[in-house]
Amino acid sequence: MTVGLTTRFLAADEAATTAAARCLSSGGLVAFPTETVYGLGADATDAAAIARLYQAKGRPAFNPLIAHVSDLTGAQRIASFDAQATRLAQAFWPGPLTLVLPKAAGCAVADLATAGLDTIAVRVPAHPVAREILRAFGGPVVAPSANLSGHVSPTTAAHVQSDLEGRIDMIVDAGAVQVGVESTIVGCFGEPMLLRPGGVPRAEIERVLERALLQPRSDTEAQTAQPLAPGMLASHYAPRTKVRLNADRLAPGEALLAFGAGAIPGSGTASAVMNLSACGDLTEAAANLFGYLRALDAKGAEAIAVMPIPHEGLGEAINDRLRRAAVRQD
Ligand code: TXA
Ligand code: MG
C-alpha cells in the first residue's frame with residue numbers, strides 16, 4: 001500500500017511548480033488545482049506511477065483516466081483529431097472540456113491509463129497552476145479528481161488532504177477552484193456524443209458544432225462490461241449520508257441543501273442549512289456543490305434534503321452529480 005507516505009504540502013509558486021514537475025518525472029503522485037476540481041497527477045507514460053495512482057485512490061482499474069496536456073500540439077501527439085474535435089478544442093481549450101478521441105499512432109500514454117481502450121480522453125486545463133506544472137513537466141499527465149474513489153470531488157486542497165494525506169507525495173495548494181464540477185466529456189469517435197455533463201454547458205458545445213450532441217447512455221448501460229464513460233458509475237459521487245432530491249419539505253433530523261431565495265416547509269428545524277446560491281446563480285451553485293455536500297455530510301444528519309435545481313446551463317451537470325450522490329453505496 002502507498003499509505004504511510006509523507007505528503008508534502010506546498011503553496012503554489014515557482015518553487016512548487018519545479019518540485020511538482022520533478023516529482024512527476026520520478027514517478028510521484030502530485031495533487032494540483034485545475035479550474036474544475038483538484039486533480040491527482042501522475043506521468044501518463046509511466047505505468048508504475050499509474051498503478052500507484054489507482055491504488056492511492058482505491059479506484060477500480062477498469063476506469064480510464066484523462067490525459068492533461070498544456071496545448072493542442074501536445075494533445076495531437078497522443079490523440080487523433082477530426083474536424084469537429086479540432087473545432088471544439090479551438091473553441092474551448094484551455095478550459096473545462098475533455099475530448100475522447102481515437103488514440104494517435106505512437107501514443108506514448110500507458111495502456112493502464114486508458115484501461116485498454118483504443119480511445120483516449122484529453123484535456124487542456126485553464127488553471128494557471130495546472131498549466132505551469134504541465135509546461136514544466138513537458139508531457140501528458142493523467143489526473144483523476146484527487147479524492148478517494150466514491151467520495152465527492154475536492155474543490156480545495158484541504159479536501160484533498162483529508163482524503164489522500166499519507167497516500168500521495170505532494171499537494172500543491174492554490175485555494176478554492178473556480179468551476180466546481182468536473183469537465184464536460186464529449187466523445188468524438190463518430191457523431192459527437194455527450195459522455196458526461198460538466199463545466200461547459202451542453203448548449204455552448206452544440207452552438208459551436210451547429211448540431212445536437214448525441215445523448216449519453218443510461219447509467220444502467222454505463223455499468224455494463226464495456227461502458228462508454230466507465231467512470232460514470234451510478235454511485236460515483238456518493239457522500240456517506242443519504243441524499244434526498246427535489247425536496248419540497250424537510251423531515252425532522254434532515255439537513256438542507258438549499259437553492260435560491262425561497263424557503264420550504266420544515267426548514268426552520270433543519271439540523272443544518274447551506275444554500276448553493278441564494279440569488280439562484282447556477283455558476284455559483286456549481287462552485288459550492290461539492291464543498292457543501294462534504295460539509296453537510298459531516299453533520300451526521302438523517303439525510304441531506306436537496307431543493308430542486310433548474311436544469312439549464314450548468315444545472316445539467318449539477319443535477320447529474322446530485323443524482324449520483326443520491327445513489328447509496330451499500
Ligand atoms: O474536470 C475534470 O475532468 C477532472 C480534473 C482533475 O481534470 N478530472 C476528472 O477525472 O474528473 P476522473 O478520472 O474523475 O473522470 C474521468 C472520466 C471518467 O468518467 C472516465 O470513465 C472517463 O473520464 N473516461 C476516461 N477515458 C475515457 C475513454 N477513453 N472513453 C470514455 N470515457 C473515458
Ligand atoms: Mg472523479
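Biologist: Where does Asn246 lie?

Modeller: Asn246 lies in the loop between strand S11 (243-244) and S12; helices (H or I, at least four residues) and strands (E, at least two) are DSSP runs, numbered from the N terminus. This is a predicted model, in which local features need pLDDT of at least 70, side-chain atom pairs count only at pLDDT 80 or more, and totals for chains, interfaces and linings use all residues. Residues are numbered from 1 along each chain as its sequence is written, chains are lettered from A and ligands numbered from 1 in the order in which they are written, and side-chain values use heavy atoms, with hydrogens and water left out.

Biologist: Why does Asn246 count as exposed?

Modeller: Buried means under 20% relative accessible area, exposed over 50%, and partly exposed in between (1.4 Å probe, protein chains only). Asn246 has 55% relative accessibility, so it counts as exposed. Asn246 also has a positive phi of about 50° although it is not a glycine.

Biologist: What makes Glu210 exposed?

Modeller: Its relative accessible area is 64%, so Glu210 is exposed. Glu210 is in the loop between helix H7 (202-209) and helix H8 (219-222), and has a positive phi of about 55° without being a glycine.

Biologist: Why is the pair of Phe81 and Trp93 called edge-to-face?

Modeller: Rings of Phe, Tyr and Trp (its six-membered ring) pair if their centres lie within 6.5 Å; planes under 30 degrees apart count as stacked, over 60 as edge-to-face and the rest as tilted. A search of the whole structure finds one aromatic pair. The rings of Phe81 and Trp93 have centres 6.0 Å apart and planes at 80°, so the pair is edge-to-face.

Biologist: What does the pair of Phe81 and Trp93 tie together?

Modeller: Phe81 lies in the loop between helix H3 (72-76) and helix H4 (83-92), and Trp93 in the loop between H4 and strand S5 (97-102), so the pair ties together parts that are 12 residues apart in sequence. Phe81 is buried, at a relative accessible area of 18%, and Trp93 is buried at 11%. Trp93 is also joined to Pro94 by a cis peptide bond, with omega about -10°.

Biologist: Why is H9 called roughly parallel to H10?

Modeller: Helix H9 (residues 282-297) and helix H10 (residues 315-325) pack at an angle of about 20°, with their axes 9 Å apart. That angle makes H9 roughly parallel to H10, since angles under 35 degrees count as roughly parallel, over 145 as roughly antiparallel, 65 to 115 as roughly perpendicular and the rest as oblique. Axes are lines fitted to C-alpha atoms, for helices over the stretch in contact, and angles run from 0 to 180 degrees between N-to-C directions.

Biologist: How do you know that H10 is largely enclosed by the rest of the structure?

Modeller: Of the 11 residues of H10, 10 are buried, so H10 is largely enclosed. Among the buried residues are Glu316, Asn319 and Asp320.

Biologist: What makes H1 oblique to H5?

Modeller: Helix H1 (residues 14-25) and helix H5 (residues 128-137) pack at about 50°, with their axes 9 Å apart. That angle makes H1 oblique to H5.

Biologist: Which residues of H1 and H5 meet?

Modeller: Thr17, Ala20, Ala21, Leu24 and Ser25 in H1 meet Glu132, Ile133, Ala136 and Phe137 in H5, where contact means heavy atoms within 4.5 Å.
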